[in-house]
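Dear colleague,

Please find the structure handed over below, together with an account of what was found in it. I would be grateful if you could read the text with the model open beside it.

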Amino acid sequence: MAPGYFETFFGGFAAFFSVWQLCIFQVTPFYIAFMVAARLLSRRGGRGSSGAVLAVTALGLAVSFSLVFGIMGVPHVGVGGVILRNLKLLKLLAGAFIIVSAAVLMLPALRVGVGVRTAAALSPLAGAAFAIGYSPCISPALAAALNFARSPDGGGRGLVLVVLYGAGMAAALTLTGAAFMAAAGWLAARRRTARVPAAGLVAAAAVYMTMGVLLVTGLMLRYKAFLVNFF
């Protein structure tokens, strides 16, 4: 019997707030750091500083993460097999993209004109890079979705289920990131000097960049092993 759509989505959402976070933490701080960097970029003012652009940024991250996560989980449907066969190369490319895009997000600290619209434009590729770099642990809800997806009757519905599990994770990441964005915006607004928001932007972009370094150097698997063996 196929798992329910809502059951699978909620399984991904709930995993974020459970012991499975030890595995999801491969992505959590870096995903949130990207969102915080976008929020601090919006402090620079101008037309691109609207809440709508920040919402587009968060949506771009969540949708691309969910889709790529789902496609990779069902290698016999669509391009999932192509991605998995080239996963090592794709992880290197994802890491390189993260490093370069993090450097771009840091540019306003050097008084280079980069705004929040840049983060919005980068967000779909960033979400895809997070999904490519993430090596999931198999929670019960994900196992049920994958087992059905890889069964003879799985097909398109199985792909949808795995995408929904990823969407549940992305929703939890986005809500948590939104809380950090609000805190970052509040702190930046209380500072009379622009130096503090600029320092925060560099710090957030540096945290985001760390995932790229882990992927390019091949240290992500060691980082995952450290997380899952933490307790």
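The notes that follow go from the overall fold to the core, the aromatic residues, some individual contacts and the surface.

Overall fold

Please keep in mind throughout that this is a predicted model. The protein chain contains 11 helices and 0 strands, so that, read from the N terminus, its elements run α-α-α-α-α-α-α-α-α-α-α. Of its 231 residues, 48% are buried. Where contacts join residues at least 6 apart in sequence, 85% of them are between residues at least 24 apart. The accessible surface of the chain amounts to about 11100 Å², and carbon and sulfur atoms account for 70% of that area.

Nonpolar core

The largest nonpolar core has 71 residues, and the members that touch the most others are Tyr31, Phe34, Leu105, Phe130, Tyr134, Tyr208 and Met211. Helix H3 (residues 28–42) supplies the largest share of this core, with 11 residues.

Leaving aside residues up to four places away in sequence, Phe130 touches Val27, Phe30, Tyr31, Leu61, Phe65, Ile98, Tyr208 and Met211. Phe130 counts as buried because its relative accessibility is 0%.

Aromatic residues

There are 12 aromatic pairs in the structure. In one of them, Phe6 and Phe10 are stacked, with 6.1 Å from centre to centre and 20° between the planes. These two residues are 4 residues apart in helix H1 (residues 5–16), which means that about one helical turn separates them. Phe6 has a relative accessibility of 63% and therefore counts as exposed, whereas Phe10, with a relative accessible area of 45%, is partly exposed.

Phe130 and Tyr208 make an edge-to-face pair, at 5.9 Å centre to centre and with 70° between the planes. This pair links distant parts of the chain, as Phe130 belongs to helix H7 (residues 116–133) and Tyr208 to helix H10 (residues 195–217), 78 residues apart. Tyr208 has a relative accessible area of 0% and is therefore buried.

Tyr208 and Phe130 also belong to one aromatic cluster, whose other members are Tyr31, Phe34, Phe65, Phe69, Tyr134 and Tyr165.

Beyond residues up to four places away in sequence, Met72 touches Ile83, Leu84, Leu87, Ala131 and Ile132. The C-alpha atoms of Met72 and Val82 are 9.0 Å apart in space, with the two residues 10 residues apart in sequence.

Phe69 also lies in helix H4. With a relative accessible area of 6%, Phe69 is buried. Again not counting residues up to four places away in sequence, Phe69 touches Ala131, Tyr134, Pro136, Leu142, Val162, Tyr165 and Gly166. Phe69 and Tyr165 are 96 residues apart in sequence, yet their C-alpha atoms are 8.8 Å apart in space.

The loop between H2 and H3

Phe25 is located in the loop between helix H2 (21–24) and H3. At 34% relative accessibility, Phe25 is partly exposed. Not counting residues up to four places away in sequence, Phe25 touches Phe30, Tyr223 and Leu227. The C-alpha atoms of Phe25 and Val228 are separated by 9.5 Å, although the residues are 203 residues apart along the chain. Phe30, a contact of Phe25, is also touched by Phe130.

Surface patch

A nonpolar patch on the surface is formed by Leu89, Leu92, Leu93 and Val216, which together have about 340 Å² of accessible area. Helix H6 (residues 87–106) gives the most to this patch, namely 3 residues. Leu92, which is found in helix H6, has a relative accessibility of 37% and therefore counts as partly exposed.

With kind regards

How values were computed. Residues numbered from 1 in each chain as written. Predicted model: local features only at pLDDT ≥ 70, side-chain atom pairs only at ≥ 80, totals over all residues. Heavy atoms only, no water. Patch = residues over 30% accessible without salt bridge, like charges linked within 9 Å, V, L, I, M, F, W, Y side chains within 5 Å. Areas by Shrake-Rupley, 256 points an atom, 1.4 Å probe, with all protein chains shown as cover. Salt bridge = Lys/Arg side-chain N within 4 Å of Asp/Glu carboxyl O. Buried < 20%, exposed > 50% of the residue type's maximum accessible area, 1.4 Å probe, protein only. Contact = heavy atoms within 4.5 Å. Core = buried A, V, L, I, M, F, W, Y, C linked by side-chain atoms within 4.5 Å. Phe/Tyr/Trp six-rings, centres within 6.5 Å; stacked < 30°, edge-to-face > 60°.
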